[in-house]
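Good morning, and thank you for joining this group meeting.

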Amino acid sequence: MALQDVCGFLETLDDISPCTYLPNEMGYMWRTPFEFDRDSAFHFLFPPQQCSRKNRAPTLFSSTFSSLSPHQQPFQLSHGTTTLGFIFQDGVIAAADTRASCKGLICCPISQKIMPIHSHLVVNTSGSGADCMLWERILTREMRLYQLRHRKRLSINGAAKLLSTMLHPFKGTNVCVAATLCGWDGEETQDTLQSCMEIADVKEAVEQDSNVSAISDVSAQGGVKMASINEQDEISKDTQALNPTVSNQNTKNVLSTFGGRSGPRVCYVCSDGLQLKGEIISVGSGSPYAYAVLDDGWRWGMTVDEAVALAREAVFRATHWDAYSGNNVDLFHITAHGWRRRDREDLKEEYYREREREKKKIKEREKERQKREGDELVEGEGDIYSVHCG
Amino acid sequence: MEYLIGIQGPDFVLVAADNVAASSIIQMKHDYDKMFKLSEKILLLCVGEAGDTVQFAEYIQKNVQLYKMRNGYELSPAAAANFTRKNLADYLRSRTPYHVNLLLAGYDEADGPGLYYMDYLSALAKAPFAAHGYGAFLTLSILDRYYRPDLTREEAVDLLKKCLEELNKRFILNLPSFTVRLIDKDGIHDMEKLPVGSK
């Protein structure tokens, strides 16, 4: 493939001299991924083999230091960005700002950090822009290959595992990718469904909404069916039908009701190797600010509007405090039918609107207070002194 | 930052690990499980550098399973511990060492319960009690004072609670909850998650 040629993943490297392994002043050894078994087509998927042919003699000194990550600061919240993803009863919300920064310069105020992989999966990326673009394309390729080979879509957790395994050989190099996979798993069999009536109702409603489904399903199964697994849109409609019945339960109950086979998912994968599944994930230098808003407002039973508002608010607060986040906010909503994108919104407007709202609120509070004091005066309980203090 | 502890009794091993998955200063997950089930009666507790823990632990886990598939019987805890140590040692002087600290706890029909302490330099020691992490500095002396080889299960859980209370009191980081498991001749039992401060 063209990408493969450009990156030279399968080139034999006999003519390239091996890297020197002189540790730099930090004892940090530069690793390349080309040292493994080059005969295998997926050599970057395997854990690194012991390099017995090259008699390296890394000392204990270098081996302890080589596991230090490239970032040496005490706590560096690297990746100048704010991205977030969370699940709730009606799907997944993925939101991100649009500022791409390079040290103190805004390289691009309108970059796109949320990239769709397929109809039911989007990935929020942060870290180095080039690395994210590359790895997003590699992941897309691998997932498509999996789908063609196995005739079913790889689950979100599987995709996270795949990406994590592919990134592992690059650990210790300067590859910097922190991706949040947000999507809907849709592999459910007929016998987990409950009410046929609900399914029929939802089917009808969805058929009217066919534009979204059409976009989603073209890139999906492509008409290939397995006997035991339903067509993608039937499955997704059925899970939609299940949603109202489970929205009142505890989160843990819900996730186990889904049986781990279907439902909204959020997974975080980092080039360090960290891989986490959760309900709320936020990444980037603005993530602490976003977490504060999300932790406060998140409930499993939120409506779509509440969830969208929460995500917007979280990104907005983060962009306010964090210098490396800002400009606009992108928002994607993923349900069983696929992803839907909300229009990009300029947060500058939101900031001014909030100022106006605050001014109005202050005026109203002032009015109320005056009215209250007016009442107290009339009743003759307050004296002149308290009016002045109020 | 992370904490592991194991206490061996006459016919059981009690192990606990904290539930925090952190990335720089943020707790990204509060219910993260750091224990990996190698077989019906062996648990591997693994902490250390972010990606290395899962990669290494899953590698060991799959290899132990593979042994069982090939040979029809499971590796004993001692064998599994030595296998793990050998892998750590092999990778140590390679260009990709795994920076992980481990506790391996298991029950063998013939030898009884065993707790093995391993660190990132591939040291291996069979110990009656062990701990990893900064919390270990605070709790090892408690274990020294109150540990006896003939602890009952309840006494072991009380000892564990004492350790966790000390952590809550003196450790600078907040570790709100711990996964606790017990291994005996009947296998691995999940016990109640211990929030720190419970009596």
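A:Cys102 counts as partly exposed, because its relative accessibility is 43%. Please bear in mind that the model is a predicted one. B:Cys46, by contrast, has a relative accessibility of 3% and therefore counts as buried. How many disulfides does the structure hold? Over all chains, the number is zero. For A:Cys102, the nearest cysteine sulfur belongs to A:Cys107 and lies 4.5 Å away. The cut-off for a disulfide is a pair of cysteine sulfur atoms within 2.5 Å, and A:Cys102 is in no disulfide.

Let us turn to chain B and its strand β1. Five of the five residues of β1(B) are buried, so the strand is largely enclosed by the rest of the structure. B:Leu4, B:Gly6 and B:Gln8 point one way from the strand, while B:Ile5 and B:Ile7 point the other way. In a regular strand, side chains alternate between the two faces of the sheet.

Which strands pair with β1(B)? One is β10(B), residues 129-132, which runs antiparallel to β1(B) and is joined to it by four bridges. Another is β2(B), also antiparallel, with five bridges. β1(B) and β2(B) form a hairpin, with three residues between them. B:Gly6 takes part in both pairings: it stands opposite B:Ala130 in β10(B), and its bridge partner in β2(B) is B:Val15.

Next comes helix α4 of chain B, residues 153-170. Its 18 residues reach 26 Å from the first C-alpha to the last, close to the 26 Å expected. Buried residues of this helix include B:Val157, B:Leu160, B:Cys163 and B:Leu167. Viewed down the axis of α4(B), the buried residues fall within an arc of 160 degrees, so they line one face of the helix. On the other side, B:Glu154, B:Lys169 and B:Arg170 are exposed. Among the elements that cover the buried residues of α4(B) are β1, β2 and α3 of chain B.

Finally, the cores. The largest nonpolar core has 68 residues, and those with the most contacts inside it are A:Leu84, A:Phe86, A:Tyr268 and B:Leu104. Helix α10 of chain A, residues 304-321, gives the largest share of this core, eight residues. Beyond its sequence neighbours within four places, A:Tyr268 is in contact with residues including A:Leu276, A:Ile281, B:Ser23 and B:Met28. A second, separate core has 27 residues, among them B:Ile7, B:Leu143, B:Val157 and B:Leu182.

Technical notes:
Residues are numbered from 1 along each chain as its sequence is written. Chains are lettered from A and ligands numbered from 1 in the order in which they are written. This is a predicted model: local features need pLDDT of at least 70, side-chain atom pairs count only at pLDDT 80 or more; totals for chains, interfaces and linings use all residues. Side-chain values use heavy atoms; hydrogens and water are left out. Helices (H or I, at least four residues) and strands (E, at least two) are DSSP runs, numbered from the N terminus. The expected span of a helix is 1.5 Å times one less than its number of residues. Buried means under 20% relative accessible area, exposed over 50%, partly exposed in between (1.4 Å probe, protein chains only). The arc is that of the directions from the helix axis to the C-beta atoms. Contact means heavy atoms within 4.5 Å. A nonpolar core is a set of buried Ala, Val, Leu, Ile, Met, Phe, Trp, Tyr and Cys residues joined through side-chain atoms within 4.5 Å. Two strands pair if DSSP finds at least two bridges between them.
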